[in-house]
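Here are a few exercises to work through with the model open beside you. Try each task before reading its solution.

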Amino acid sequence: MPASAGFPPGGATGKVRRGLRLLFVEGYRPPALQRKYFEAYADELRTSNPNWSAEQLRSMAGRYVSPPEIAPHGAGAGAAVDLTLVDAGGRELDLVHR
């Protein structure tokens with residue numbers, strides 16, 4: 001984007017460590033896709049934490065993926081952008097803390 005659009009030359013990309021790049025993943029996520037992502041992550045958590053209550057699962061899933069009823073006010077409305085980091089070969093880095 002040109003500097004005249006309010007972004008300095010180099011922008012955020014200029015702040016990324018050498019050998020890494022920013023990857024724009026998506027800016028609008030339809031509600032059905034948001035629900036799919038949320039439910040898939042909740043299912044992963046359910047499998048690895050079978051003793052968690054439904055409330056615990058929902059709370060923990062919501063730390064990583066916005067719950068579907070909240071998403072229309074954020075990423076689902078295009079008000080957020082998903083970015084990640086890729087290495088020089090274009091491979092996404094695993095940014096999830098375990």
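A nonpolar core is a set of buried Ala, Val, Leu, Ile, Met, Phe, Trp, Tyr and Cys residues joined through side-chain atoms within 4.5 Å; buried means under 20% relative accessible area, exposed over 50%, partly exposed in between (1.4 Å probe, protein chains only). The model is predicted, so local features need pLDDT of at least 70 and side-chain atom pairs pLDDT 80 or more, while totals for chains, interfaces and linings use all residues. Numbering starts from 1 along each chain as its sequence is written, and side-chain values use heavy atoms, leaving out hydrogens and water.

**Exercise 1.** Find the residues of the largest nonpolar core.

Step one: list the six members, which are Phe38, Ala42, Leu45, Leu57, Ala61 and Val65. Step two: look at where they come from; helix 1 and helix 2 each give at least two (helices are DSSP runs of H or I, at least four residues, and strands of E, at least two, numbered from the N terminus). Helix 1 has the largest share, with three residues. Step three: check alanine 42, which touches Leu57 and Ala61 (heavy atoms within 4.5 Å) once neighbours within four places in sequence are set aside.

**Exercise 2.** Work out how the rings of tyrosine 41 and tyrosine 64 are arranged.

Rings of Phe, Tyr and Trp (its six-membered ring) pair if their centres lie within 6.5 Å; planes under 30 degrees apart are stacked, over 60 edge-to-face, the rest tilted. Tyrosine 41 sits in helix 1 (residues 31-48), and tyrosine 64, 23 residues away, in the loop between helix 2 (54-61) and strand 2 (82-87). Finally, tyrosine 64 is exposed, because its relative accessible area is 52%.
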